Amino acid sequence: DPEVTGNILHVVVFYLKTLKPPVSRMQNDPGVIAGRTRFNEIGCNKCHVNSMQSGFSPVNALAYRQVNLYSDMLLHDMGQELSDNYVEGEAGEREWRTTPLWGLGIIQNATGGTAFYMHDGRTSDLVEAIRLHGGEAETIKQLFMNLPEADKQNILTFLRSL
């Protein structure tokens, strides 16, 4: 017998669907503004799309809303270094869905004080998470890695504001 009734499962799913998205912080901070600009200029927003609009939902509060999730929700070839040698559904061994970046700056609050990044939590270092981007993101990763240190720090400041 299931430990959770169908009704409890329905209530939990409804609760999770209607949670408010994390709010970005420090949006007027000069470092955040400069970082957002560089993030877009080097092309990170090609996959980590700033915002999308939701579609139809029987829950009016969820229907046709602008959502700043920083993802295109699509599968991308992320290169051999991130390959798990496992095909799941339509996703090949090097393919990963673009993880939404919303809440990136507060994730450590839910993980015992340390943030873990990438699909498997292999790093707690944002620069390392960016360095692990390969495949379709290789060129953009190289653009980031070749930026002056101040620009890199501004992008990291922007990411931590999400």
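What covers the buried residues of α2? The cover includes α5 (149-161), where contact means heavy atoms within 4.5 Å. The model is predicted, with local features needing pLDDT of at least 70 and side-chain atom pairs counting only at pLDDT 80 or more, while totals for chains, interfaces and linings use all residues. Residues are numbered from 1 along each chain as its sequence is written, and side-chain values use heavy atoms, leaving out hydrogens and water.

Helices are DSSP runs (H or I, at least four residues), numbered from the N terminus. Buried residues (under 20% relative accessible area; exposed, over 50%; partly exposed, in between; 1.4 Å probe, protein chains only) of α2 are Gly31, Val32, Gly35 and Phe39. They cover an arc of only 95° around the axis, which puts them on the same side of α2; the arc is that of the directions from the helix axis to the C-beta atoms. The face turned away from this side carries the exposed residues Pro30 and Glu41.

Salt bridges (a side-chain nitrogen of Lys or Arg within 4 Å of a carboxyl oxygen of Asp or Glu) number 7 in the whole structure. One of them joins Glu41 to Arg38, with the closest N and O atoms 2.7 Å apart. Arg38, partly exposed at 23% relative accessible area, also forms a salt bridge with Asp151, at 3.2 Å. Asp151 lies in helix α5 and Arg38 in helix α2, so this pair ties together parts 113 residues apart in sequence.

Technical notes. Helices (H or I, at least four residues) and strands (E, at least two) are DSSP runs, numbered from the N terminus.
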